[in-house]
Amino acid sequence: MRLHPLSLPFRALSRAVQAGSVLFGVSLAVGSFTPLTGPVLVFGSFLVGAIVGAAYEVAYYRRFEYALTADTFDIGSGVLSRREREIPLRRIQNVDISRGAVQRLLSIAVVDVETGGGGETEASLRYVGYGEAKRLQRDLRRGAREDSDGGEGRAGTEDATDADTATEDAAEPRRRDEPEELLFALSPRNLVLLGLVAPDLRALLPVLFFAVPTVGISIPDLLAETGAFTVGPRGAALAIVSWIGTAAVTAARYYDFRLSRVGDELRYERGLLGRYDGSIPIAKIQQIDVRENVLMRRVGYASLAIETAGYTPGEGPSGGSEAAIPLAGRARVLELARSIEGFEFDEPEFARPPRRARRRYAVRYALALGLIAGGLWIANALLDVALLRYWYAPLAAIALAPVAGHYKWLHRGYDVGGEHVLTRNGFWRRSIAVVPAYRVQTVIQTATPFQRWRSLATVAIDTAGSLSVTDRGARAVDFDASEATTLRETVRRGLRRSLVARRNPLTAAEPSGDASLEEASTSEDQRHTG
C-alpha cells in the first residue's frame with residue numbers, strides 16, 4: 001500500500017521550502033564576498049532548491065510502500081538507497097496518530113510506530129488517510145497481542161495448519177470491534193485549572209516574542225531600569241501576560257482529553273489545533289508517576305504519567321501523549337493508578353533520608369548562590385548594565401538555604417510495599433514513582449565523592465524503559481550507605497520472588513502475597529541460614 005495522494009503535495013511543498021531556503025542562505029553568504037551574485041542568482045537558487053526538493057519527494061512517494069501481514073509490518077522506502085524493514089508485531093509497543101490543523105482539514109494523519117528499543121520512532125508514515133491511520137492503529141495493536149498470546153502455542157505445535165488459514169484466523173479478530181470503556185475525560189473547569197497551575201514553560205520564548213510588544217517594553221530596557229516603581233508594574237504585566245500565554249498553550253494541548261480502555265490497552269485522544277491519539281499497552285507499562293507541582297498540591301490536584309517499554313514520558317511523538325491523566329483530584333488519580341493491572345499499591349509510608357542529607361542540601365544551595373553572585377560581579381566589571389550593580393543581591397537568599405534544604409529533604413523518600421517499590425523526589429515538582437517488583441531490571445547503588453564523605457548513597461531502580469537512567473526515574477536518593485545496601489538487596493530478592501510467583505502462582509503461598517518485599521527477603525535469608 002502507498003501513502004495518501006495528498007501526502008505528495010504536502011511533503012513536496014515542505015521539502016521545497018526547506019531546500020530552497022538552504023540554497024537561498026548559501027547564495028546570500030556567497031554574495032557578500034563576490035560581485036557575481038545578484039537578485040537573479042539569489043532567487044534562482046531558491047527556485048532550484050525548491051525544484052530539487054519537490055522532485056525528491058515525488059521519488060520518495062513512488063518508492064514508499066507498506067503492508068501488514070499476519071506477523072510483521074513491512075515497510076519499503078528510500079530514494080537513493082533502498083531500505084526494507086520487517087517489524088515483528090510482537091515488538092510493537094505504541095501506535096500514535098497525530099494531526100496538525102492543516103492535516104485535520106485535509107483528513108490525513110501521521111502514524112508513528114514505536115518498538116521496545118525506546119531510542120527513536122521505528123516507523124513513521126507521513127501521511128495516510130485518517131481512516132487508514134485508525135485502521136493501522138487498531139490492527140497493529142491487535143496483531144501484536146495475537147502474536148504475543150499465540151506465539152508459544154504455535155511454536156510448540158508440529159502439525160500447524162497451513163499459512164493461508166493461519167493468516168485468515170489472525171486477521172479475523174482484528175475486524176471485531178471491542179467495547180470501549182471511558183475512564184477519564186478532562187472537564188472544561190479542570191482544563192482551565194491545568195493551564196494555570198501547570199503552564200507549558202517550553203512555550204515561554206514564543207510567548208515572550210508576542211507578549212513584549214503587547215506590554216510595550218523590551219527586555220533590554222527592562223533590565224536597564226533600576227527603579228522599583230518602573231520595573232515592578234511593567235515587569236509584573238509581562239509576567240502575567242506570559243503566564244496566560246503559556247497556560248493557553250497547555251490548555252490547547254490537552255483540549256478535549258479523553259482516556260478510555262479497549263481490551264488490554266489504554267487509548268487517549270487530545271488537542272485543539274493539533275490532534276493526537278494513541279495507545280498505551282497495559283502489559284508493557286513499566287512505571288507510573290504521580291506528579292504534583294507546588295500549585296497542584298495547594299489545590300489538591302495531581303497528574304498521572306505512564307512509562308512503557310517503547311518510550312518514556314516526554315519522548316513520545318506527540319510530546320507528552322503518555323499522560324494518563326493531565327490533571328484531576330489526587331484521590332481520582334490514585335484510584336485510576338491502582339486500577340491498572342500490576343499497580344495495586346497500598347498507601348505509602350515513606351522513609352526519609354538521614355538528617356545529615358538535609359545539611360548537605362543547605363550547603364549546596366549556599367554555594368550555588370555564592371557562585372551566582374560571583375558571576376554577576378564579574379559581569380558587572382565587564383558590562384555597563386545598571387541592574388548588575390546589585391550583583392550581591394543573591395547573597396541575601398543564603399539565609400533561606402536551610403529552609404530550602406529542609407523542604408528538599410522533606411519531599412524525598414522510599415517505601416517497599418507488598419509487590420511494589422515507591423520513591424518520592426522533588427519539591428517544586430514532586431514525583432512519586434511506582435515500580436512493580438516484577439518490572440525491575442537492575443538495582444544500581446551509586447555514591448558521588450561528596451556522598452561518600454557523608455556516608456550516603458543513591459539506589460536507582462531500573463526498568464525496561466529509558467526513564468530509569470535519568471533523574472526522573474525511581475531513585476532513593478541520599479540514604480545512609482548501609483540502608484541503601486539493604487534496600488538494594490531487598491528489591492533484588494523481591495524481584496526474584498515475584499518472578500517465581502508469576503511463573504508458578506502455586507509457589508506464591510510462601511511467603512504470603514501480602515507480605516512486603518522486605519519481609520520476603522528476610523524469610524529468604526532465614527531459609528539460607530537454616
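Reply: The side chains of Arg-267 and Glu-265 make a polar contact of 2.6 Å. A polar contact is a pair of N or O atoms within 3.5 Å; within protein, one must be able to donate a hydrogen and the other to accept it, and residues adjacent in sequence count only if both atoms are side-chain atoms. The model is predicted: local features need pLDDT of at least 70, side-chain atom pairs count only at pLDDT 80 or more, and totals for chains, interfaces and linings use all residues. Residues are numbered from 1 along each chain as its sequence is written, and side-chain values use heavy atoms, with hydrogens and water left out.

Arg-267 belongs to strand β9, residues 265-270. Helices (H or I, at least four residues) and strands (E, at least two) are DSSP runs, numbered from the N terminus. Because its relative accessible area is 18%, Arg-267 is buried; buried means under 20% relative accessible area, exposed over 50%, and partly exposed in between, with a 1.4 Å probe and protein chains only. Residues up to four places away in sequence aside, Arg-267 touches Arg-138, Arg-258, Leu-259, Ser-260, Val-262, Gly-278 and Ser-279. Contact here means heavy atoms within 4.5 Å.

One of these partners, Gly-278, is found in strand β10, residues 275-281. With a relative accessibility of 2%, Gly-278 counts as buried. Beyond its neighbours within four places in sequence, Gly-278 is in contact with Val-95, Asp-96, Gln-137, Leu-266, Arg-267 and Tyr-268. Gly-278 and Arg-138 are 140 residues apart in sequence, and their C-alpha atoms are 9.9 Å apart in space. For the protein as a whole, residues 24 or more positions apart account for 62% of the contacts with a separation of 6 or more.

Leu-259 is listed with Ile-288, Leu-304 and Ile-306 as having the most contacts inside the largest nonpolar core, which has 38 residues. A nonpolar core is a set of buried Ala, Val, Leu, Ile, Met, Phe, Trp, Tyr and Cys residues joined through side-chain atoms within 4.5 Å. Strand β9 supplies at least two residues of this core, as do, among others, β11 (285-293), β12 (301-308) and helix α11 (330-339). Apart from this core lies another, of 21 residues, including Phe-73, Ile-97, Ala-133 and Leu-136.

Helix α11 shows how its residues are arranged around the axis. Its buried residues are Val-333, Leu-334, Leu-336 and Ala-337. They cover an arc of only 165° around the axis, and therefore lie on the same side of α11; the arc is that of the directions from the helix axis to the C-beta atoms. On the other side of α11, Ala-331 and Glu-335 are exposed.
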